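Hello,

Here is the structure I said I would pass on. My notes on it follow below.

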Amino acid sequence: MNIDESRRAEWVRAAVERFSGPLTRYAQVITGDLEQARDVVQDTFIRLCDEKPERVDRFLAQWLFKVCRNRALDVQRKQSRMKPLSQTGMDSQACPDPSPAAQAERRETNDEVLRLLTRLPKSQQEVVRLKFQNGLSYRQISEVTGFSVSNVGFLMHTALKTLRQQMKSETTMRMP
Amino acid sequence: MNITFDDPRLTAYALNELDEAGRSVIESEMQNFAECNHEVEDLTRAVAVVGRALASEAAPTLLPIQQRTIEAKLRLCGSKTKPSWIPSAECGRVHWLLKIALAASVVLMIGMPRYQGGMIGMARTRVAIISPAFNLLQNASTDTAYAMMLLSGIPVTKQGSLLWVRDAMHQPHAFSFGMDAVCTPFYSSVVLFVASLLLGNLYLRSPWKRLLLTLFVIPLVFVGEVLRMFTIAELCIHLGVESAVDSSIIHYGNPIFFVLSLIPFALLLVWLRKLEPKS
């Protein structure tokens, strides 16, 4: 492995270190399944290995989230095509048996705001997560999702308005 | 445009998404519409709450097997690296040259006249016309074989591409090397060349190793040809030309030398394959 390759390997490893968590969380929201999300993120980083750092590094976060999103949507589409073939039907899909790890994971994330967030439409959840969990700007969210910048602003505004209304109506939610 | 409570620009303002000009516009409008200040404050609080909630959400990590898969891919990418002595454009050109060479070899093999006899001394110059490079290689082989025969004490004289030897009966006999399709392992060389391209592409990843394997065919053909000529000369000296002509080494010699030449070829391929990083 020459210097360029070792530099590239370090670059990919740093990206894995920094983005694997946020990407897995993001993919999990789209696919609805942690294992599939992990596979999606693995595929994303494998694609990154084939990219030249000088081409991607300037907009690495957008590139990773965009590739991850497209892959996750592919997985989700395939999964939705497979649903009608399932013998168990919608009931088992709606109430899957959670594993102990999934239960623990669910308990960690099961606070008020996150529950309210899941009630939002997918597109609104997505922009909110990209903004608050991953620190992307409206423009970067636009590049990742393909929505226009003004559409991202509108989705964010609507999501926050809905969340605020629901938070006010929820007695358990304490607004400072 | 007057600002309202339900204006997405207020959210963008609270999220610090506006540029300087946008912020100035909003701030000036908020001065005229004081209730918007409360709206922005409320928005800012909501943003803080949502931000804290989402930040507290655990980020799942990749499993060790997935991390190992990425590492394996990285190693694979490293092994695919082009050698530093070939610039990126050149690397692509070498790849195309190999493809062209492969196609040319196939065409050459199809167009080659079929081997029909085993007569020493029958000149068939079509091969030499088709491939001047091969002719050059053959002449070099003849010169080397001539030098080897002299060194080993075989009574030999050289005229052009013809080597004259005296057999056991001290009768001068001429047999030509190099210009003769019958006496040259031309088919074997082409097959070896095509095999080097195919096997290189199948088993080797780095272009320089493929190139090395293909280039190795040249000295292999050269050494093989020298050894073959030397063996035939020895047979002619010790058995006589007539016996040598009837010997199996003349009739079935080419496959034997071809198989012999496969040994170092296979050894080199195995060695280069071992140098490949495991993925």
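I start with one side chain: A:Phe19 touches A:Phe45, A:Leu60, A:Ala61, A:Leu64 and A:Phe65, leaving aside residues up to four places away in sequence. A contact here means heavy atoms within 4.5 Å.

Some conventions before the rest. This is a predicted model, in which local features need pLDDT of at least 70 and side-chain atom pairs count only at pLDDT 80 or more, while totals for chains, interfaces and linings use all residues. Residues are numbered from 1 along each chain as its sequence is written, chains are lettered from A and ligands numbered from 1 in the order in which they are written, and side-chain values use heavy atoms, with hydrogens and water left out.

Buried means under 20% relative accessible area, exposed over 50%, and partly exposed in between, with a 1.4 Å probe and protein chains only.

Chains

Chain A has 10 helices and zero strands. Chain B has 11 helices and three strands, and its elements run α-α-α-α-α-α-α-β-β-β-α-α-α-α from the N terminus. Helices (H or I, at least four residues) and strands (E, at least two) are DSSP runs, numbered from the N terminus.

Of the 176 residues of chain A, 45% are buried; for the 279 residues of chain B the figure is 42%. The accessible surface is about 9,700 Å² for chain A, with 50% on carbon and sulfur atoms, and about 15,100 Å² for chain B, with 65% on those atoms. These areas come from the Shrake-Rupley method with a 1.4 Å probe; for residues, only the protein chains shown count as cover. Among contacts with a separation of 6 or more, residues 24 or more positions apart account for 64% in chain A and 66% in chain B.

Interface

The contact between the chains takes 50 residues from chain A and 39 residues from chain B. Together they bury about 3,800 Å², 65% of it on carbon and sulfur atoms; buried area is the accessible area (1.4 Å probe) that two parts lose on being put together, summed over both. Seven salt bridges (a side-chain nitrogen of Lys or Arg within 4 Å of a carboxyl oxygen of Asp or Glu) are found across the interface. B:Glu57 forms a salt bridge with A:Arg129, where the closest N and O atoms are 2.6 Å apart.

A:Arg129 is among the buried residues of α8(A). Nine of the 11 residues in that helix (residues 122-132) are buried, including A:Gln124, A:Glu126, A:Lys131 and A:Phe132.

One further residue

A:Asp43 sits in helix α2 of chain A (residues 34-49). A:Asp43 counts as partly exposed because its relative accessibility is 26%.

Regards
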